[in-house]
Amino acid sequence: MKIIPLYHDEKLLIQKARIANKTAQLNLYKKYAPMMLAVCRRYIRDMQFAEDVMIQGFLKVFTRLHSFNGKGSFEGWIRRIMVNESLNYLKKKRRLVFERNPQDFEKYERPRIAMKTDAEYLLKLIEDLPDTYRFVFMLHAIDGYKHSEIAKVLRISENTSKSKLSRARKILQKKLKIRRNRNEAL
């Protein structure tokens, strides 16, 4: 078995990756790829397309590594790139469309799949939200974007972002209440 030495100092690893050290770049990729694939998968349901977007994102990471100034977390910087790449992919595929008068998605429901835990069930509910609500919810609640940032990224108004987030929360709360009532009835 071959043992590959890992870099313990992330700053040194980033410095080496900046000068196109392939080993350093590979180690950064290995360290962050699983987390970043999960980020891409939150936006892109198809695993193959999510992997493609993640790889494109890492290409951007390595070509723009010089712009990382060391302020804030490196993981957060990469995460922003992955989120933006995912949203750009969806825009190109025309899967990210915001209508002025969206349908009422309150009755929107996919077949219920039995979940092992509440966390898994909540993740499934988020995944089942209509895309317009899901993207705003994930950007705000999970990825920590502000409404002004969401508006800029998705090319919508801040009020639309706030409205979509509010509606997504109401849908999730309603479905969680239904589940809680079912569990209490048992």
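**Reading helix packing and ring pairs**

Modeller: Let's start with helices α4 and α7, which are oblique to each other (angles under 35 degrees are roughly parallel, over 145 roughly antiparallel, 65 to 115 roughly perpendicular, the rest oblique). This is a predicted model, where local features need pLDDT of at least 70, side-chain atom pairs need 80 or more, and totals for chains, interfaces and linings use all residues. Residues are numbered from 1 along each chain as its sequence is written, and side-chain values use heavy atoms, without hydrogens or water.

Colleague: At what angle do α4 and α7 pack?

Modeller: Two packed helices are described by the angle between their axes and the distance between the axes. Here α4 (residues 74-92) and α7 (residues 147-154) pack at about 40 degrees, with axes 10 Å apart.

Colleague: Which residues make the contact?

Modeller: From α4 come R80, N84, L87 and K91, and from α7 come E149, V153 and L154 (contact means heavy atoms within 4.5 Å). They divide into 3 nonpolar, 1 polar and 3 charged.

Colleague: And how is an aromatic pair read?

Modeller: A pair of aromatic rings is described by the distance of the centres and the angle of the planes. Centres must lie within 6.5 Å; planes under 30 degrees apart are stacked, over 60 edge-to-face, the rest tilted. That gives 8 aromatic pairs. F68 and W77 form a tilted one, 5.4 Å centre to centre with 50 degrees between planes.

Colleague: Are F68 and W77 buried or exposed?

Modeller: F68 is buried, at 8% relative accessibility, and W77 is buried at 18% (buried is under 20%, exposed over 50%, partly exposed in between, with a 1.4 Å probe and protein chains only). Ring pairs link Y32, F68, F74 and W77 into a cluster.

Note on methods:
Phe/Tyr/Trp six-rings, centres within 6.5 Å; stacked < 30°, edge-to-face > 60°. Axes fitted to C-alpha atoms, helices over the stretch in contact; angles between N-to-C directions. Helix = DSSP H or I, 4+ residues; strand = E, 2+ residues; numbered from the N terminus. Nonpolar A, V, L, I, M, F, W, Y, C, P; charged D, E, K, R; others polar.
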